[in-house]
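Here's a quick tour of a two-chain model, written for someone who likes cut-offs spelled out. Have a look at the structure first, then read on.

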Amino acid sequence: MTSDLSRRRLLFGGAALSAGVLLAGCTSNEQTPTEAQTKAAATGANQEPGKKVTIGFSAPAADHGWIAAITNNAKAQAGAYSDVELKSVEAGSDAAAQRAALSTLISQKPDVIVLLPHDGKELNAFGLEAMKAGIPVVNLDRAFPDARAYRLQIKGDNYGMGVAAATYIAEQLKAKGVSNPVIGEIPGIDSLELTQERSKGFADTLASLGLKVANRRPAEFTADSGQQAATGLFQALPKIDAIWNHDDDQGIGVLAAVNQANRKEFFMVGGAGSKKAMEDIAADNTVLKATVTYSPSMASSAISLARLIGQGKGMSDLVELQVPKEIVLASETITKENASDYLKLGF
Amino acid sequence: MSDTTPTAAPERAASLPAQSPPVDPAETAKADRSAGLSWWRGDGGEGAKRNLGLLATLVVLVVIGILTRPDLYGDASWVWGNTLTILKLASVVGVVTVGMTFVIIGGGIDLSVGAIVALAGVWCTTLATQSYGAGGMIFSALTVGVAVGLVNGLLVSYGRLVPFIATLAMMVAARGLAAEISDKQTQVSNDTFINGIASTNVLGIPLLVYILAAVVLAGWVLLNRTTFGRRTVAVGGNPEAARLAGINVRRHTVLLYALSGLCCGIAAIMLTAQATSAQAAMANLYELDAIAAAIIGGTLLSGGRGTIIGSLLGVIIFSTITNLFAINGLSTEAQNMVKGGIIVAAVLVQQVQFRSLTQFLARNRATTT
């Protein structure tokens with residue numbers, strides 16, 4: 001009995017151990033690293049190494065491809081300059097944790113701070129404090145309500161994404177001669193302001209053209225939620241002419257649902273501009289025909305501009321001697337025709 | 001399972017018709033109560049009534065659907081397709097809920113199921129795992145699920161952590177590990193076999209629905225027709241009495257959490273197939289969906305009672321509501337409010353029934369003794 005038991009234990013133990021070893025070997029994700037979106041040093045006075053600038057950087061812990069790309073881009077762009085030192089702090093899981101991380105950053109006396117806040121409103125006070133202490137703050141994407149809280153704000157255009165998507169969809173429908181089209185929308189997390197802005201831009205533009213959204217099923221920026229939202233949409237609308245899906249990451253799930261439901265009668269526009277979406281658009285073998293950008297390349301630009309601010313230089317193509325205060329990126333429409341140009345900006 | 005120590009109630013066991021050799025007292029008690037019950041009643045006298053109530057709720061939901069979208073419901077092929085879609089939507093949460101039902105009946109709770117699904121999903125879609133093909137992916141998802149479940153069980157039973165705390169910690173930790181492994185990226189599955197699980201139909205019915213049916217059937221048999229199931233009820237109903245009756249309560253608890261982990265591993269494969277990808281944030285809040293479904297299905301949160309069929313009906317009710325709101329183009333906020341209302345109503349009904357049951361038992365005891 002005892003020997004039987006120990007043999008059994010040995011067997012189970014051995015099996016468990018080997019399973020563990022096997023599994024541990026399976027966590028690798030080695031692949032060719034995705035190219036970060038940097039702007040290589042070109043010609044021009046601004047690219048000449050200047051005064052040494054220490055840039056403090058903080059962005060939320062990435063739970064999504066876009067945020068991960070923001071951090072990667074910032075680091076890569078800083079690495080491209082010989083006169084920039086990047087001090088990066090993890091922003092933790094919420095605004096309070098980010099505030100704590102930022103206070104340690106301030107004690108390291110950076111020349112400029114580049115910050116993607118968890119929540120612009122909640123970190124407004126930090127922006128004011130840092131600016132008062134003489135450290136210029138570059139707000140990345142999530143605006144501070146108080147104009148004194150930042151030196152530069154660089155962000156994407158959520159409303160413009162909706163406008164771009166609606167414009168493309170309307171053009172295509174018109175070219176196809178569809179009257180009374182059925183348009184579906186799959187937004188991301190509906191409670192977020194950015195989602196509401198995107199949807200408003202979409203609805204406003206469609207309304208100005210006499211069109212409307214037939215049904216919208218929000219997902220959660222994840223592929224599995226995108227799959228479920230799309231499945232719901234397909235049940236509600238037996239025939240669809242066009243879909244705008246706000247986010248290319250959740251779009252992986254939406255495309256899976258398209259295949260599973262075998263629905264090919266419509267075309268789809270994505271959002272954000274992931275590398276996979278651009279490849280799909282270029283290959284032109286799915287319903288995804290276009291995507292409207294909200295590019296994380298803004299992090300690279302933010303680092304470049306922070307460097308110029310630290311060195312007291314302006315943007316060389318502009319007349320002004322200093323960097324402007326606000327920059328809003330245009331949401332660009334990527335189609336089969338220009339996908340290859342944008343591929344290097346995909347994330 | 002040849003480890004059952006001699007029980008304290010051999011004479012009662014002897015009076016029963018011969019069943020499986022190791023006889024727990026819990027089993028005899030159970031057999032007394034469930035004599036002559038219909039097949040779908042898992043446990044307790046009021047289970048059938050409750051399941052009928054759930055079916056009635058489903059019928060009401062379908063009627064609302066017919067009244068609000070007569071154009072869609074007029075098309076028979078759409079109705080059939082929609083029914084399959086509802087079942088497909090229910091399949092992943094349904095599999096998770098079967099494991100959850102066991103854990104709750106056994107007196108515990110597993111808040112980490114969503115995180116386990118995410119971790120197993122991420123683990124089975126790393127490039128390294130994918131290089132081993134579908135077999136390697138399935139193996140790793142199931143093993144990760146069971147392993148995490150085992151850790152939960154060991155923490156609860158031998159570490160003496162409260163299940164709520166142990167699995168809450170695991171919820172955070174497993175998602176953290178998933179984010180670490182995936183580097184916070186969406187990992188696309190390129191395996192046609194795995195992806196095919198979600199797009200294959202057998203005899204016109206999606207494979208996912210068969211998987212759900214198989215897991216539910218296995219869970220039902222395990223709960224109602226095996227010693228393991230009866231011990232689960234005994235451990236959840238009164239762990240001290242179960243221990244005195246010779247059940248190894250700690251080991252049984254470990255097995256319950258491992259079972260829940262196994263269900264999560266299966267669900268991870270299904271969800272990965274559906275989304276053709278996995279990421280650390282997937283299966284968000286599935287723990288709430290699974291617990292809610294088990295509760296409205298009649299599983300007692302304090303343990304000791306519950307049915308697999310009830311849980312299944314609970315999951316189907318939720319996915320029918322989701323479907324109802326989708327086909328009417330209503331907002332998900334309103335949908336969440338309705339879901340919350342249904343959970344509260346179910347628990348209120350449960351409390352009233354439980355109170356009347358205890359009163360009934362008390363009266364019975366007073367008259368018989």
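Two residues count as in contact if their C-beta atoms, placed from the backbone, lie within 7 Å. With that rule, 38 residues of chain B are in contact with 38 residues of chain A. On the chain B side, the elements that give two or more residues are helix 5, helix 7 (127–130), helix 8 (133–157), helix 9 (163–182), helix 10, helix 14 and helix 16. Helices (H or I, at least four residues) and strands (E, at least two) are DSSP runs, numbered from the N terminus. The chain B side that touches chain A splits into 18 nonpolar, 18 polar and 2 charged residues. Here Ala, Val, Leu, Ile, Met, Phe, Trp, Tyr, Cys and Pro count as nonpolar, Asp, Glu, Lys and Arg as charged, and the others, Gly among them, as polar.

Some housekeeping: this is a predicted model, where local features need pLDDT of at least 70 and side-chain atom pairs count only at pLDDT 80 or more, while totals for chains, interfaces and linings use all residues. Residues are numbered from 1 along each chain as its sequence is written, and chains are lettered from A and ligands numbered from 1 in the order in which they are written.

**The two chains**

A residue is buried if 20 or more other C-beta atoms lie within 10 Å of its own, exposed if 12 or fewer, and partly exposed in between, again with C-beta atoms placed from the backbone. Chain A has 11 helices and 12 strands, and buried residues make up 50% of its 347 residues. Chain B has 17 helices and 4 strands, with 52% of its 369 residues buried. Of the contacts with a separation of 6 or more, residues 24 or more positions apart account for 71% in chain A and 77% in chain B. The C-alpha atoms of chain A fill a box of roughly 80 × 65 × 40 Å along the principal axes.

**Domains and core**

Chain A is assigned domain 1 (49–156 + 296–313) and domain 2 (158–293); such bounds come from an automatic or database domain assignment. Their centres, taken over C-alpha atoms, are 32 Å apart. The contact takes 4 residues from domain 1 and 5 residues from domain 2. On the domain 1 side, those residues are 1 nonpolar, 3 polar and no charged.

A nonpolar core is a set of buried Ala, Val, Leu, Ile, Met, Phe, Trp, Tyr and Cys residues joined through C-beta atoms within 7 Å. The largest one has 193 residues, and those with the most contacts inside it are A:Val114, A:Val138, B:Val96, B:Val117 and B:Leu119. Helix 14 of chain B gives the most to this core, with 18 residues. Domain 1 and domain 2 of chain A both give residues to this core, so it lies between them. Leaving aside neighbours within four places in sequence, A:Val114 is in contact with residues including A:Ile55, A:Phe57, A:Val138 and A:Ile303.

How does the length of helix 11 of chain B (residues 207–225) check out? The expected span is 1.5 Å times one less than the number of residues, so its 19 residues should span 27 Å, and the end C-alpha atoms are 26 Å apart, which agrees. Its buried residues include B:Leu208, B:Ile211 and B:Val215. These buried residues pack against several elements of chain B, among them helix 5 (76–105), helix 14 (249–275) and helix 16 (308–327).

In helix 5 of chain B sits B:Lys88, which is buried, with 23 other C-beta atoms within 10 Å. Not counting residues up to four places away in sequence, B:Lys88 touches B:Pro206, B:Leu208 and B:Val209.

**Positive phi**

| Residue | Phi | Other C-beta atoms within 10 Å |
|---|---|---|
| A:Asn180 | near 55° | 8, exposed |
| B:Arg160 | about 55° | 9, exposed |

A:Asn180 is in the loop between helix 5 (158–176) and strand 6 (183–186) of chain A. B:Arg160 is in the loop between helix 8 and helix 9 of chain B.

**Annotation**

An unreviewed UniProt entry annotates "transmembrane region" over stretches of chain B that include 161–181 and 202–223. UniProt positions are given in the numbering used here, feature names are shortened, and annotations may be inferred rather than shown by experiment. Residues 161–181 are 90% helix and 0% strand, with end C-alpha atoms 27 Å apart. Residues 202–223 are 77% helix and 14% strand, with the ends 28 Å apart by C-alpha atoms.
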